[in-house]
Amino acid sequence: MVDVNLYSRKKRVSRLKYSLIVLLIIVLLVLGSRFFVAQAFETRLRQVSRMKGYLFDNTGTYLTGNLKADIEMIYDKKQEYTVMKNKLSKQVNDLRAHVNSKSVEMDVFRTIEAYLEDENAMKTIASRIQFENGVGNSFYYLIFEGENVSFPTPKSTPTLLANPSVRGNLDFAELYSLQLVDLKVGGHNE
Amino acid sequence: MSEKDEFNFEEIDISTSQESFDGNDSYFIHRDYANKLNRKLSFLDRKGMNSRLAFWSLIVLTIIGFLFLVILYSYNTFENTSLLIDEVNGLESAYLGVQLLSRVRNEAIGSMSTRSYLEELEEKIPIEAKPGDYKGITVTGGSRDILDIVEMIVNEPKILVRKLELRSNLGFPILPESNIPSNLSLELKTDLTVTGNF
């Protein structure tokens, strides 16, 4: 009888042709996947480019699609703007400090002026006005008619707390009263 | 065509193998298989490789292909895209900051510059428009003139008063009937700073 081995241990052989066809399919699958992935990222980049269009227009930048080159270009531009921002920030801080000092100074002088224009007094004569380190000091006389002496009050509400100190009242010829005031303005925040 | 016709029957001489077989034996080959055997085979049909080796090779190739060409590529592109978006957001933040600060600075400087009359003040007290500290400024004059100068100094946005002292030459007491004497004079001593901020 012919010995036919239906369950041969002989190694199965795959034809090269079919192997190459399968290989080709695999390569196509891989390249196709990569293409779709690349398209997805490109779409995302286009979205970013559209969303930040105003930014690119105003800063003179644009996305080329070469990610590394784009990152480098945007980074350089960001550094440029950061330096500009820091410089401006310093300028604005200096300006703010200047404006704060100036407004304290103006408030002090306006408060002194408000006290000097005491509406109850006939006349006000300032003998000395001093200002240093945001604190103002004024030594002045108020002249009242008769004996109607009142405590110094500003005509308008001052923005700074003031501390008027009456040093003395003096009747003068029974017609006038003279009041000496030492006024201190500011320096309450220290 | 009957099933019989599809096979080629050939006589086999098996005279030497009487032990195992009695009578005539024959073998048969299906016609399709015969055609297949007679078919002209190309190089790629004749050559082959071990099926198992081929299977695993293709699997490994698929994995490596996907790993390098798809997964690694996706990872790198994702990383770079994220970094790019971060950089773009950083640039936007810096740009908006610059715009805001520029506006604040320009408005402040514009507002203060229009109120400045430093040139006029230069004619009245010994200072210059050049930024810097000006110490020991002393001015003596009529009360109205000196008070005007003090008002100008205080209202001048480019000037900061470091120190100011204003004294009158009046004695005490002052007679109201006499009004303000015509020889009343004030002395102004001041240290000023002209800012270079704008």
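**The A–B interface**

Author: Between chain A and chain B, 15 residue pairs are in polar contact, both at pLDDT 80 or more; a polar contact is a pair of N or O atoms within 3.5 Å, where within protein one must be able to donate a hydrogen and the other to accept it, and residues adjacent in sequence count only if both atoms are side-chain atoms.

Reader: Which element gives the largest share of chain A's side?

Author: That's α3(A), with 26 residues of the side of chain A that touches chain B. Helices (H or I, at least four residues) and strands (E, at least two) are DSSP runs, numbered from the N terminus.

Reader: How many salt bridges cross over?

Author: The rule finds two, a salt bridge being a Lys or Arg side-chain nitrogen within 4 Å of an Asp or Glu carboxyl oxygen. One joins B:E87 and A:K78, at 3.2 Å from N to O.

Reader: Switching topic, what does β2(A) pair with?

Author: Strand β5 (residues 159–168) of chain B, antiparallel, over five bridges; strands pair if DSSP finds at least two bridges between them. A:F131 sits opposite B:L164 in β5(B).

Reader: Anything on where all this comes from?

Author: It's a predicted model: local features need pLDDT of at least 70, side-chain atom pairs count only at pLDDT 80 or more, and totals for chains, interfaces and linings use all residues. Residues are numbered from 1 along each chain as its sequence is written, chains are lettered from A and ligands numbered from 1 in the order written, and side-chain values use heavy atoms, leaving out hydrogens and water.
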